[in-house]
Amino acid sequence: MKSMLSLTLRRRIGAMMTTTTKMSHQSFLSSLSLTPLSSFSSLSSLSLSVMDSTSTFDTNQRMVGMPASSLPSSVKYFSSSEAPMKRKETKENEVENGGDDSSSGGGSGADAKRPVRMIPTRHSRHHIPSIAPHAILDNATDKILKSIPGTLFAYETRYLNQSKQEEYETGISVSYYQQEQIEYLLRGYSSLIPNSIVHLQSPKSPKHPMYNRENFTAGKIDFKEEMSISEMEKVVNKMIQLVERIEVEGKVYVELRSKLRSQMTQVLRQASHESSTSSDSDSDSDSDSDSDSDGEGSSDDDEATREAWKMTQLIDNYGAPPGPSAAMYDLTLDAIANIIDKTSNPISYLKKAAALFESSTSRNKLDQKQKMDVVNLDSIPTAATFNALIRISSNAAKESGKGKRHDEEVRDEAITNAFMAFDAMNHHPHVHLNSATFNYLIRTVNKFFPDCKAKGCILASLWDKCALAYSMVDENVIEAVLEVKTEDCGEDVHRFFKKYVFDRYDQEVKNGYGFPLKYSRNKKKKRFDSMLDVY
């Protein structure tokens, strides 16, 4: 069938080529239209492209097998393997078209707009989270802080018939609105603090890689570049109060759930016990009355201890309480890290930061124990949770002017927090060390450890682990090591850093800074934000 169609087509084209008259494209196409379209679809070796229907050509010319360069510009024959490529849009084409490509929706001019898509093509988790306007922060925060515990979201008796996982998921659902509202307010407070995580992640921030000066004041959020330390302390204290308030709400929720379940269990147990021992209890009551009175006090204590243990088990066996999320702790710890070097009372913020960090990690441990961390991803801490605590330690002032005893307390608290976060991050199943971890830990050790060989050995081991074990050396880590006065840490330490760091470092070499490239191949991996090196 295919060969017959090919023969028919060749005969018809040959007959047209023998004529001496000129015919337009329209007549040529009308003559070809006598052959059904299905016939041409079977001949993949021949294609026809008509560019201009008004031009004419001489049919005496041999067209089949003729070089494309000898054909008129209006008609070109080409094989299917030589199909013309799509025209690439270039700057010259845009200039010829006057730079207006709005009709196609792909213009690059200032006034060109993308067509509105009815179906979104980008997941909302990739969008920049919304930030609360500054005008509503105080009123919305006071409304939450003044509310009675148990009124933001409450446990209901109809949840008692659910399984453990269903009840855990219900807790996440009922607390979702308040969780989103508090995160919304915390982002608004964070935007008030210069160099905060919200400040850096927003394109309206001058330090963001995609910052556009023209759009800086276009939105509702006007980032403040300068704030007094007292104003920043008020902002941070509000953030801490919001996190503590949602924690209290979650505790009230699980305590109410535990009491209701405990009461339900007691009622069921008592009913079954009374039905089975109703006859025996009457006969034995008289003989046991004296012995019961003697041990009444000890039995009450045992019962109270047993009930307390049961309540603890009911609280812990359902995973972390609903309400708080990892984002709340990240925003608050980051805010503390940005003000602790300016505050006059760093020890209080070091202790508050440690308490927040402990709350975040303990919640995740409860979920891991009950295998609920796969259900509630918001309870899993991020790299910012750990690195922010180490950053707080590295930014704390070494000398506060309040005496030697106060400075020693700050030193001890800062070192404890930094190594606690480093150890927890190193052993966490989901969060891994990154370049910011080594950067802040090296700065903490260099600031608070006295100059001695032990300090030099710790710094040398951190450099070795960062460069060789994890390959996470970046510019910040190098700067942190260059600030160390290795000559005061012993001759061996100074010789080590001079050979492996100082002599190799070359600021002019941007790709690796003079070090082997394998030292830094993972420097951008495991970051909290791939575009920022803060966490």
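Me: How much of the chain counts as buried?
Reply: Of its 535 residues, 39% do; buried means under 20% relative accessible area, with a 1.4 Å probe and protein chains only. Keep in mind that this is a predicted model, where local features need pLDDT of at least 70, side-chain atom pairs count only at pLDDT 80 or more, and totals for chains, interfaces and linings use all residues. Residues are numbered from 1 along each chain as its sequence is written, and side-chain values use heavy atoms, leaving out hydrogens and water.

Me: Thanks! How many helices and strands are there?
Reply: The chain has 20 helices and four strands. These are DSSP runs numbered from the N terminus: helices are H or I with at least four residues, strands are E with at least two.

Me: Which residues of α19 are buried?
Reply: In α19 (residues 475-482), they are N476, V477, I478, A480 and V481.

Me: And what covers them?
Reply: The cover includes α17 (435-448), α18 (453-469) and α20 (491-502).

Me: New topic: at what angle do α14 and α16 pack?
Reply: About 20°, with their axes 9 Å apart. Axes are lines fitted to C-alpha atoms over the stretch in contact, and angles run from 0 to 180 degrees between N-to-C directions. α14 and α16 are therefore roughly parallel, a label for angles under 35 degrees.

Me: Which residues meet there?
Reply: From α14, P346, I347, L350, K351, A354 and F357 meet a set in α16 including H406, V410, A414 and M420. Contact means heavy atoms within 4.5 Å.

Terms used:
Angles under 35 degrees count as roughly parallel, over 145 as roughly antiparallel, 65 to 115 as roughly perpendicular and the rest as oblique. Buried means under 20% relative accessible area, exposed over 50%, partly exposed in between (1.4 Å probe, protein chains only).
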